[in-house]
There are 6 protein chains.
Amino acid sequence: MDTAATAESHIPHEIPFYEPVGNECQLFERAYQQRLPLLLKGPTGCGKTRFVSHMAAKLGRPLFTVSCHDDLTAADLTGRYLLQGGETRWVDGPLTQAVREGGICYLDEVVEARKDVTVVLHPLTDDRRLLPLERTGELLEAPDDFMLVVSYNPGYQHILKSLKPSTRQRFVAKSFDFPPPELERNIVASESGLAAQQCAALVNLAARLREMKGQDLEEGVSTRLLIYCATLMADGMPATQAAQATLVEPLSDDADVQEGLMEAIRATFGED
Amino acid sequence: MDTAATAESHIPHEIPFYEPVGNECQLFERAYQQRLPLLLKGPTGCGKTRFVSHMAAKLGRPLFTVSCHDDLTAADLTGRYLLQGGETRWVDGPLTQAVREGGICYLDEVVEARKDVTVVLHPLTDDRRLLPLERTGELLEAPDDFMLVVSYNPGYQHILKSLKPSTRQRFVAKSFDFPPPELERNIVASESGLAAQQCAALVNLAARLREMKGQDLEEGVSTRLLIYCATLMADGMPATQAAQATLVEPLSDDADVQEGLMEAIRATFGED
Amino acid sequence: MDTAATAESHIPHEIPFYEPVGNECQLFERAYQQRLPLLLKGPTGCGKTRFVSHMAAKLGRPLFTVSCHDDLTAADLTGRYLLQGGETRWVDGPLTQAVREGGICYLDEVVEARKDVTVVLHPLTDDRRLLPLERTGELLEAPDDFMLVVSYNPGYQHILKSLKPSTRQRFVAKSFDFPPPELERNIVASESGLAAQQCAALVNLAARLREMKGQDLEEGVSTRLLIYCATLMADGMPATQAAQATLVEPLSDDADVQEGLMEAIRATFGED
Amino acid sequence: MDTAATAESHIPHEIPFYEPVGNECQLFERAYQQRLPLLLKGPTGCGKTRFVSHMAAKLGRPLFTVSCHDDLTAADLTGRYLLQGGETRWVDGPLTQAVREGGICYLDEVVEARKDVTVVLHPLTDDRRLLPLERTGELLEAPDDFMLVVSYNPGYQHILKSLKPSTRQRFVAKSFDFPPPELERNIVASESGLAAQQCAALVNLAARLREMKGQDLEEGVSTRLLIYCATLMADGMPATQAAQATLVEPLSDDADVQEGLMEAIRATFGED
Amino acid sequence: MDTAATAESHIPHEIPFYEPVGNECQLFERAYQQRLPLLLKGPTGCGKTRFVSHMAAKLGRPLFTVSCHDDLTAADLTGRYLLQGGETRWVDGPLTQAVREGGICYLDEVVEARKDVTVVLHPLTDDRRLLPLERTGELLEAPDDFMLVVSYNPGYQHILKSLKPSTRQRFVAKSFDFPPPELERNIVASESGLAAQQCAALVNLAARLREMKGQDLEEGVSTRLLIYCATLMADGMPATQAAQATLVEPLSDDADVQEGLMEAIRATFGED
Amino acid sequence: MDTAATAESHIPHEIPFYEPVGNECQLFERAYQQRLPLLLKGPTGCGKTRFVSHMAAKLGRPLFTVSCHDDLTAADLTGRYLLQGGETRWVDGPLTQAVREGGICYLDEVVEARKDVTVVLHPLTDDRRLLPLERTGELLEAPDDFMLVVSYNPGYQHILKSLKPSTRQRFVAKSFDFPPPELERNIVASESGLAAQQCAALVNLAARLREMKGQDLEEGVSTRLLIYCATLMADGMPATQAAQATLVEPLSDDADVQEGLMEAIRATFGED
């Protein structure tokens with residue numbers, strides 16, 4: 001099995017739909033051309049991952065996405081020796097694949113990863129753009145068409161988990177937020193197939209629900225959940241039931257908060 | 001030994017009995033058909049596991065159930081290389097089996113699992129529905145008949161353990177509670193073989209005991225324990241003794257709380 | 001070496017002596033016949049282990065006892081691949097042995113074990129009674145003559161260690177305490193060979209010492225320690241010396257508490 | 001290399017000198033004959049280890065001593081498979097050696113060991129006296145001439161480290177303290193070769209220094225340190241210098257405490 | 001693959017540009033000639049790494065740079081046995097390479113490393129200058145052209161992480177700060193190709209932004225970020241957009257702080 | 001490669017210079033001859049390591065020095081099986097080498113080591129002087145020319161790290177401090193080659209700087225740093241610059257403390 005082949009398959013046949021909000025596409029392209037690493041900041045489900053997929057496809061580069069977590073180590077990114085069929089074989093991790101082939105490596109929620117990933121991020125975000133693989137004795141120089149993108153959600157308050165200034169200051173950065181209403185309506189409609197008027201009602205509802213963030217809710221309703229709701233509605237489920245399953249239950253376990261959300265929903269769609 | 005064969009055996013010969021309370025069956029079916037992941041919330045022993053078994057059998061898909069715990073890692077779900085008979089052999093974990101064969105993977109009490117499971121949950125709950133197996137170099141695309149179901153109990157207060165919003169917002173969700181009295185009576189009767197009138201008395205008793213939750217008890221009496229009690233009664237054990245062993249001792253170690261529960265029991269069944 | 005043979009040897013040639021206090025023998029038998037798991041609660045050395053040995057022998061089933069501790073994992077219960085004589089060989093753990101052969105598996109002080117044991121307890125305490133061995137790819141169905149028994153001591157206050165309600169509510173439960181005086185006298189006499197009158201004095205003394213529990217002592221004098229004391233006395237050691245070595249020193253390191261215990265002892269046996 | 005041979009070498013050619021203070025020798029012998037495990041409690045360097053060596057030699061049994069520490073696990077006591085000369089070989093740990101050959105296993109400062117040692121201590125301190133070796137599949141029954149002895153120092157305050165009552169209540173126990181003056185004089189003289197009068201002065205000095213324990217010192221001067229001091233004096237070192245190096249510096253780093261100790265020393269020996 | 005070859009490649013073809021601020025070049029050279037280890041202290045991105053590269057090239061020695069992190073151990077520096085192509089082979093770590101070949105080993109942010117690195121730092125910073133490799137049984141004596149350089153950022157407050165005095169006192173040390181304005185202008189211009197006047201404006205802006213450090217910002221704008229900003233401006237991006245992406249977003253997630261920074265930027269460049 | 005050969009190389013060709021302050025040389029020799037272990041206490045860089053090197057050379061014994069740290073385990077001292085050239089081979093650790101050959105093993109900052117080192121220190125500091133190697137099944141008896149020396153710095157306040165009394169009371173102990181002025185002048189002059197008058201000025205300066213310890217500084221200026229300063233001065237660096245790099249920067253990161261130190265330096269050497 002060839003891991004390179006696996007990576008190739010990340011180049012989609014068509015460019016994923018992405019409607020820009022500001023200068024984010026230009027910034028991405030310029031950072032790519034100037035070989036600068038990029039940091040994306042923004043709430044859950046606002047489209048960061050989709051944006052990166054879109055840009056990778058537009059630039060014609062394979063995309064290597066890694067969801068970071070508490071136990072992710074440098075070796076998970078660079079690779080390790082594995083026993084396969086009785087033989088020891090080096091298997092490149094996603095970051096090494098991106099460096100070797102020239103591609104975009106996207107570390108989603110990078111603050112969650114263990115601290116030894118800085119050892120690979122720092123020399124790669126220098127002007128040297130080096131990836132040392134001490135296990136194989138290689139010192140890879142990133143090609144011009146390699147780009148490192150990382151993201152995190154500044155809305156979470158992590159006392160123990162944050163990017164050190166010495167790491168942050170190695171990135172060009174861009175904040176994301178939920179798309180403006182008109183754009184979000186288009187996204188929801190094109191992803192779910194739901195009629196435009198119902199999509200507009202959903203996006204208006206989302207604005208009201210997002211105002212509850214902070215006081216009662218850890219995060220506002222994501223665009224992804226609006227698409228889920230629209231998908232169930234397009235499939236014939238009554239709107240209030242669909243909204244309860246996608247815009248209420250995933251956001252909170254608190255009965256009062258849930259009731260507050262349901263009131264806004266019933267005000268929009270009535271009782272089913 | 002063929003692990004696929006093991007998985008097949010999870011398809012029971014008959015559909016396990018499940019009496020729906022609300023729209024949960026339709027929601028499950030629509031989520032399955034729309035390829036959306038599902039999150040079930042509710043107290044211990046209220047029937048979530050039984051519901052999933054019922055739906056899996058109804059949809060004719062094998063079911064892979066994993067009880068999550070503090071030490072469960074991504075590799076426990078995806079698989080690992082094992083030394084067997086002197087040879088190294090890859091063994092699929094339950095999630096990988098479900099993706100390969102097209103089945104339902106149910107992660108019970110998912111908040112208990114270690115954080116690296118997010119690395120497998122996130123790309124599987126994208127519109128991409130991918131399961132990357134970095135160890136084998138495979139990138140599995142989930143077939144249409146794969147579904148991911150997770151559950152947790154919102155009644156527990158875990159400061160350190162909760163689903164991150166970025167994970168929660170990837171699921172359609174549904175709250176469960178104990179079944180309404182009439183339905184619970186039928187369930188207890190059909191599972192234990194106890195006479196209907198005694199089952200009704202037990203379910204009434206349960207309502208009184210469940211009112212003590214919060215003040216004195218961490219959780220209310222589950223339907224499962226009512227079935228245990230009814231089973232011992234049907235086997236000839238005096239009702240008060242059976243209730244003490246199944247509705248009192250498993251719920252609390254506190255003498256005052258136990259006495260409060262026993263009073264309600266004696267009010268129902270008298271002294272043995 | 002055959003591990004099954006090891007297990008057989010747990011069936012003693014004669015049934016260990018156990019004098020029932022309440023309905024515990026009936027409850028054990030009914031739970032066994034109805035294939036329900038059993039939870040025993042009670043203080044150290046009050047006879048829980050002896051009770052389980054007695055019941056296992058009476059039912060003619062081999063007994064697999066595991067003393068749980070902070071580092072006990074699921075693999076310690078289910079088994080693991082071991083390198084033996086240059087070959088890798090699967091060795092069943094005690095729980096797997098009990099499931100394969102049909103026996104009683106007793107997990108003593110189960111709250112001490114690591115959290116991944118829930119992954120094996122939950123499907124075994126379902127109506128499915130399954131033990132999945134992911135390492136071998138097996139899915140064992142427990143035979144009718146398999147029974148799971150667990151115990152813990154509710155007298156310890158463990159903030160971090162307790163059975164989750166979702167686990168507790170899977171068991172029929174029974175509280176134990178020290179045996180009533182007449183019974184304890186018989187037990188001490190039959191185990192130590194000490195004369196009946198001295199055994200009666202010892203049991204009276206124990207009642208006085210147990211009243212000190214809570215204020216000064218973490219736990220009361222166990223029946224086991226009374227037997228130790230009686231054994232040394234039957235061997236010719238002066239009663240006060242024997243009591244100091246078995247009823248005082250093992251209970252406390254505090255000089256004042258020790259003096260309080262010694263006063264009660266001297267009041268019973270005088271100065272040696 | 002034969003590990004049994006190693007163990008044999010623990011039986012010294014002559015019985016180490018030990019002068020009993022109370023009934024400790026009878027208690028040890030009776031516990032040995034009645035096959036009861038023994039717990040020794042007392043301060044550092046008061047002679048517990050020497051006492052056990054003495055009794056082991058007197059009973060003609062090999063002695064296996066283990067200094068317990070934070071990282072000591074059950075496998076360190078029972079044994080493990082080791083790769084030796086390209087072959088995997090089981091090597092008995094000291095506890096297993098003692099059970100196989102019939103000897104005395106002494107776990108010094110047992111509260112320091114990790115919690116999984118309870119899994120081997122509990123069945124060995126039952127009336128069953130079993131040592132299960134799950135790795136080899138063996139179930140060893142301890143012979144009559146096996147004895148388990150453990151010790152700890154109750155003077156240390158360990159919040160996290162203490163013997164659980166369920167473990168403590170499995171042992172016959174005995175408290176130790178420093179030997180009475182006349183006896184300590186003899187011990188110091190026989191171990192160091194220093195003249196009797198100087199030994200008497202040293203033991204008087206020790207009594208004064210030990211009074212400072214608690215207020216200023218974590219532990220009093222041990223008999224071992226008195227022997228060190230006497231050895232250096234017998235070798236020609238001035239008494240005050242020898243006392244500073246053995247009775248002051250090893251006890252405290254605090255200048256005031258050291259000065260307090262030195263005053264007592266100068267009052268005994270004058271300025272050198 | 002030859003790891004030595006990898007190391008050689010660290011000697012750049014031309015000496016990296018570095019404009020000295022004070023006596024740091026002389027101090028480095030004298031420490032190198034006197035075989036004394038050097039400690040560099042200073043904020044993120046002020047040019048420490050560049051300075052070390054410059055000096056290494058000037059002295060004609062290969063440079064081995066290691067970004068330290070929470071999980072970096074002594075073995076990461078000294079080397080380990082690796083399985084490669086079925087054979088076990090010792091692979092030197094970067095520190096060992098530097099000692100064997102005579103080069104400069106630079107441990108960036110050394111306070112982050114695990115404590116076992118002291119075991120290799122201490123004998124290397126003695127007058128003995130030894131590197132013991134206990135795994136291979138070698139005891140390497142550092143040649144005259146070996147030099148150890150470490151750095152850390154005193155601006156971070158690490159309660160748990162600091163260099164022990166016994167380690168610090170083994171180094172000659174030098175504090176770094178951001179370069180004085182005129183020098184920083186030259187650096188930014190030569191690295192980015194941006195016109196001199198715009199570089200001057202950027203450096204003036206940086207001074208204003210750095211004054212906000214402490215009250216609102218964990219660290220001031222680094223020279224590296226100024227170069228990023230200048231690079232994007234030279235590439236045609238409007239100055240305010242470039243500054244937002246490089247001087248605001250990488251420094252803070254706080255809306256108020258960001259607005260404060262943006263005001264200073266708009267005061268310099270106007271609205272785009 | 002022969003590890004014994006490595007050890008031999010620790011015997012220097014000439015005896016390292018050491019000027020005694022008190023009775024430390026006699027105490028070391030007597031402890032060596034009486035086979036007693038030795039504990040050295042004192043601040044960083046006051047000459048403990050040099051003293052041990054001196055004594056080892058004087059006694060003609062090889063010296064095995066280990067810098068202890070948080071992760072140092074018993075196996076690091078005793079040895080382990082290593083895979084070398086496809087074969088498993090036992091490699092003695094430094095302590096085992098010292099016991100086998102008869103040498104001096106010096107554990108520097110022993111309080112930093114992990115707790116399992118007590119398991120090797122205790123039987124070696126008994127009158128038995130045994131080193132059990134459970135992995136090889138050996139029980140080594142230390143020869144007469146083996147000596148164990150440990151050190152630590154009582155100036156650090158470690159709540160979690162200290163030598164247990166049961167370990168401390170096994171050693172003869174000696175406190176060290178910085179050498180008296182006249183002696184320190186000689187040491188600095190002979191190590192650096194700096195003229196006597198300048199060395200005297202440096203030592204006077206050191207006295208003033210050391211008075212700041214406690215209030216502002218964690219530790220006083222070490223003799224080692226004085227030698228560094230003198231070396232740079234002898235190499236032609238202006239005194240104030242040399243003092244800043246060696247007596248100020250390595251001691252503190254605090255601007256006020258640094259200014260206080262610099263004032264004392266300028267008072268001694270004037271402005272450069």
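Between chain F and chain E of this predicted model, an area of about 3700 Å² is buried (the accessible area, with a 1.4 Å probe, that two parts lose on being put together, summed over both), and carbon and sulfur atoms give 50% of that area. Contact, defined as heavy atoms within 4.5 Å, joins 46 residues of chain F to 39 residues of chain E. Residues are numbered from 1 along each chain as its sequence is written, and chains are lettered from A in the order in which they are written. Local features need pLDDT of at least 70, side-chain atom pairs count only at pLDDT 80 or more, and totals for chains, interfaces and linings use all residues, while side-chain values use heavy atoms, with hydrogens and water left out.

Across this interface, 6 salt bridges are found, a salt bridge being a side-chain nitrogen of Lys or Arg within 4 Å of a carboxyl oxygen of Asp or Glu; the side chains of F:Glu249 and E:Lys41 meet in a salt bridge at 2.8 Å, N to O. On the side of chain F that touches chain E, the elements giving two or more residues are α1 (3–8), β2 (63–67), β3 (79–84), α10 (223–234) and α11 (239–248) of chain F, where helices (H or I, at least four residues) and strands (E, at least two) are DSSP runs numbered from the N terminus. Of these, α10(F) gives the most, with 5 residues.
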